[in-house]
Amino acid sequence: MVYPGQPSRGCETCRARKVKCDETRPTCLRCAKAKRVCGGYRMLSDTRKPQKSSVLLMRLSMPSSTSPGNTSSLTPIQDYLKSPLVRDELVSLSSCSSAALGRVKVHNILSRLIDCPQVISIYDGCLTCLPVLFPNLKRSTPILPALAAYLLAFVSHREYGNQVQTQAVQSYVRALALMRQVAGQTHPSRKNEIIGTILLLSMYEEFSSLGSDQSVLNSHIRGAMAFVQSQPLDDFEDPINRKLCTALLNRCMYSCIHHRQPSLSRDRFPFTIHRLRALHDSLIQERAVNPRSSLHPVTCRLVSLYLRSTMVEEESVGLFHETATKINSIINAINAVEVQLSRWPHSLPPEWKYETTKLLSEDNDTLDAWTTTALTYPAFWVANDWAHYRALSIFTHSLQLRCYRLLRTMYSLVPGLDSLSTLAELSANIESIHIKISHFVDEICASVPYHLGYHRTGTNETLYPREGFPPGKYPRLISACHVLWPLYVAGVAEGRKISAQTMWIAQQLDNMGKEMGIRQASVLATEVVKVAMERTEYVEPL
């Protein structure tokens, strides 16, 4: 719809098709009825009214603030990042003094970015916490150059050249120097600032080739975990601290997937069982008005059960009867979480449902997708929530496998516990879990064409499974960031040996690293191949 003297306020898809848009948010009804991806709405900065700081604090402190359904102005990110104004702002970030950096440029850029529905769920929404911290930041804060480094690293892989990469490194080095000063003068009031800075540096490192760290968890994530571990037990009443710790916990969860060689030992894990219980109790008191936030308490329970199972496994020598009782107790708790997770898809509103789409293919054409069908979603944030749900489901079943294998080993080796019927039942349970894991892995693979696109043999044109997919490089890059870790989980999922699908997953991750500049994706691709090769050499106990 066009207003006299003003630009069109319709969604990007309707504007591109030159049809009238009903401007329903977050997804217009015309696109929904036609089964097209709604491209979102432009933010008309000349008519946008500035928000008061109190309103901004309330909007960003509540978990519902990141719900796309509650977003008052949805902006396609490619329009924003390609505008000359933003390009000039990003390129000039590194040359600003610390004082000018935050109050004008970085704050302005961030406040616009978090209005983009594709951005607000990156790193579990930790970017939305930062504007709340800005009013109380000191001149020597490291969080501003850390944010500048991340933003510059994000755009430097696209079209702005080596100059921006150099400026990103300079901002990163400045952030590290300031971080060392702040960490040496730790004060409780600066705890969120420190955690937020370290998470930003971790986000920067996922794009940067700086350093030689080739582990699943980069050095800054391990630094954040060490800092949290050194802090006294928190009741997580502060919503900003709760959101930042939840983002860190979700990232730590991925180190627990491969249990035979976990990336993080129990004694170095930042969250004890008591701390996880406190975070869980704090999260369930929140009003979960968006689907993603309702999954966070589940993550707390699963990681807590992972730590419990690790303790039991380490203490199991010679205590077979007592250990079997503990393992069965953990299995019952995991089964309860599985039931809770199974209810999540049925609790979603209609606009969160996905569809199965046949991929376009000419006669005798070969596609680089895993299957000829793809799962499509009405919006980026919906696809991201589903990917996270599937990763949690795989983690749940991996924990079940771990416990069943412990029991099977005990029943087969200890004469007093030997029972052919029990062994047969455990083997049947393990086989059933293998099937469940394969189902979720297949769904993650079927979602890759939506996130990354696909190609026909011999062509470079990127195709998407639905008409109206937001064009441009930035939406695809952000979508790749969303599917990166769930795809890794699918590649290293328990109960799966090396296969064509595993190598396809590794290839997708490697492509994300080489073509999109996401360095962490290449590291994860190597890890997927490594784990797959280890499992071909691992002999499953009978």
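Buried means under 20% relative accessible area, and Cys 245, with a relative accessible area of 3%, is therefore buried in this predicted model.

**View 1. Cys 245 sits in helix α12.**
Leu 199 lies 46 residues away from Cys 245 along the chain, and the C-alpha atoms of the two residues are separated by 10.0 Å.

The crossing in which α12 passes α13 is left-handed.

**View 2. Helices α13 and α14 pack with their axes 9 Å apart.**
Two packed helices are described by the angle between their axes and the distance between the axes. For helix α13 (residues 273-284) and helix α14 (residues 296-314), the angle is about 165° and the axes are 9 Å apart. Angles over 145 degrees count as roughly antiparallel, and α13 and α14 are therefore roughly antiparallel to each other. As α13 passes α14, the crossing is left-handed.

**View 3. Helix α10 is mostly covered.**
Helix α10, made up of residues 191-207, has 17 residues, and 17 of its 17 residues are buried. From its first C-alpha to its last, α10 reaches 25 Å, which is close to the 24 Å expected at 1.5 Å a residue.

**View 4. Helix α11 packs against α10 at an angle of about 160°.**
The axes of α10 and α11 are 8 Å apart, and the angle between these packed helices is about 160°. The two helices, α10 and α11, are therefore roughly antiparallel to each other, and their crossing is left-handed. Helix α11 spans residues 219-230, a run of twelve residues that reaches 17 Å from its first C-alpha to its last, close to the 16 Å expected at 1.5 Å a residue. The buried residues in α11 are His 220, Ile 221, Ala 224, Met 225, Phe 227 and Val 228. They cover an arc of only 160° around the axis, which puts them on the same side of α11.

**View 5. Ser 342 is partly exposed in helix α15.**
Helix α15 runs over residues 320-342, and Ser 342 is found in it. At 1.5 Å a residue, the 23 residues of α15 should span 33 Å, and the end C-alpha atoms of this helix are 32 Å apart, which agrees. Among the buried residues of α15 are Thr 323, Ala 324, Ile 327, Val 337, Glu 338 and Leu 341, whereas Ser 342, at 37% relative accessibility, counts as partly exposed. Tyr 389 is 47 residues from Ser 342 along the chain, with 9.6 Å separating the C-alpha atoms of the two residues.

**View 6. Lys 18 has a positive phi in a loop.**
Although Lys 18 is not a glycine, this residue has a positive phi of about 60°. Lys 18 lies in the loop that joins the stretch between α1 (12-17) and α2 (29-33). At 79% relative accessibility, Lys 18 counts as exposed.

**View 7. Cys 126 and Cys 129 are too far from each other for a bond.**
The closest cysteine sulfur to that of Cys 126 is the one in Cys 129, and the two sulfurs are 6.7 Å apart. A disulfide is a pair of cysteine sulfur atoms within 2.5 Å, so the sulfurs of Cys 126 and Cys 129 are too far apart for a bond. By this rule, the count for the model comes to zero disulfides. Cys 126 counts as buried at 4% relative accessibility, and Cys 445 is also buried, with a relative accessible area of 1%.

Key. Residues numbered from 1 in each chain as written. Predicted model: local features only at pLDDT ≥ 70, side-chain atom pairs only at ≥ 80, totals over all residues. Heavy atoms only, no water. Buried < 20%, exposed > 50% of the residue type's maximum accessible area, 1.4 Å probe, protein only. Helix = DSSP H or I, 4+ residues; strand = E, 2+ residues; numbered from the N terminus. Expected span 1.5 Å × (residues − 1). Arc of directions from axis to C-beta. Axes fitted to C-alpha atoms, helices over the stretch in contact; angles between N-to-C directions. Parallel < 35°, antiparallel > 145°, perpendicular 65-115°, else oblique. Left-handed = near helix turned anticlockwise from the far one by under 90°.
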